[in-house]
Amino acid sequence: QVQLVESGGGLVQAGESLTLSCVASGSIFRINTMGWYRQAPGKQRELVATMTRGSTTNYADSVKGRFTVSRDNAKNTVYLQMNKLNAEDTGVYYCNAGHATSWGAVYDLWGQGTQVTVSS
C-alpha cells in the first residue's frame, strides 16, 4: 500500500510565500506524474500544477509565474513553491500521484489535504 503525506500548509498574508511538500511512502514500484490540486470552499477541486517523472510541467493559468512545482524522484517527493499568494489561493491543497505497479496497474493516489489560508 502506498500513501501520500502532505505538509507545509498554514496561514499567510497576501503577497507572502509558502512551500508545500508531499512524500509517497509504502510499497512503491514507480511513481509517475505527481502534482497538486486544490479545492476552495464551495468550489470543485482544480488542478494547480503537475510534473511528470521526466520533469514536464503543467500549471493552471491562475498560478503561472507565481507557483513552481518540483520533485525528487529518488525521494518520491513533490514540492510546490507558492509565491505572491493572494486570497484566491485559499483552499485545501491535495497531493496527487500515479503509482505504477510491477504488474502493470496504475493507481491514482491522493493525500489527505493541507489547508492554505491567505489573508488579505
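The side chain of Asp89 makes a polar contact with the side chain of Arg66 at 2.8 Å; a polar contact here is a pair of N or O atoms within 3.5 Å, where within protein one must be able to donate a hydrogen and the other to accept it, and residues adjacent in sequence count only if both atoms are side-chain atoms. Before going on, keep in mind that this is a predicted model, where local features need pLDDT of at least 70, side-chain atom pairs count only at pLDDT 80 or more, and totals for chains, interfaces and linings use all residues. Residues are numbered from 1 along each chain as its sequence is written, and side-chain values use heavy atoms, with hydrogens and water left out.

Back to Asp89. You'll find Asp89 in the loop between strand 8 and strand 9; strands are DSSP runs of E with at least two residues, numbered from the N terminus. Is Asp89 buried or exposed? At 1% relative accessibility, Asp89 counts as buried, where buried means under 20% relative accessible area, exposed over 50%, and partly exposed anything in between, with a 1.4 Å probe and protein chains only. Leaving out residues up to four places away in sequence, Asp89 touches Arg38, Arg66, Phe67, Lys84, Val116 and Val118, contact meaning heavy atoms within 4.5 Å.

Now look at Arg66 from its own side. Arg66 sits in the loop between strand 6 (57–59) and strand 7, and counts as buried at 14% relative accessibility. The side chain of Arg66 also has a polar atom 2.9 Å from the backbone oxygen of Ser62. With residues up to four places away again set aside, the contacts of Arg66 include Gln81, Met82, Asn83 and Asp89. For Asn83, the C-alpha atoms are 5.1 Å apart in space, although Arg66 and Asn83 are 17 residues apart in sequence.

A salt bridge is a side-chain nitrogen of Lys or Arg within 4 Å of a carboxyl oxygen of Asp or Glu. As a general point, side chains of opposite charge can pair when their charged atoms come close. Asp89 meets Arg38 in a salt bridge at 2.9 Å, N to O. Since Asp89 lies in the loop between strand 8 (77–82) and strand 9 (91–100) while Arg38 is in strand 4 (residues 30–39), the pair ties together parts that are 51 residues apart in sequence. Arg38 is buried, with a relative accessible area of 6%. Arg38 forms a salt bridge with Glu46 too, the closest N and O atoms being 2.8 Å apart. Glu46 is partly exposed, at 38% relative accessible area.

How many salt bridges turn up in a search of the whole structure? The search finds four. One of them joins Lys64 and Asp61 at 3.1 Å, N to O, and here Asp61 counts as exposed, at 63% relative accessibility.

Next, the strands. Strand 4 and strand 5 (residues 46–51) run antiparallel and are joined by five bridges; two strands pair if DSSP finds at least two bridges between them. Gly35 stands opposite Thr50 in strand 5. The hairpin of these strands has six residues between them, and in it Gly42 takes a positive phi near 75 degrees. Strand 5 in turn runs antiparallel to strand 6, with three bridges, and Met51 has Thr57 of strand 6 as its bridge partner. In that hairpin, with five residues between the strands, Ser55 takes a positive phi near 80 degrees.

There is also an open sheet of four strands in the order 1-3-8-7, with antiparallel pairing. Strand 1 (2–7) and strand 7 (67–72) stand at the edges with a single partner strand each, so one side of each is left without a neighbour in the sheet. Strand 7 pairs with strand 8 over six bridges, and Asp72 stands opposite Thr77 in strand 8.

Finally, the cysteines. The count comes to one disulfide, a disulfide being a pair of cysteine sulfur atoms within 2.5 Å. This link joins Cys22 to Cys95, S to S 2.0 Å. Cys22 is in strand 3 (residues 18–26) and Cys95 in strand 9, so that the pair links distant parts of the chain, 73 residues apart. The link of Cys22 and Cys95 is left-handed, with -85 degrees about the S-S bond, and both cysteines are buried.
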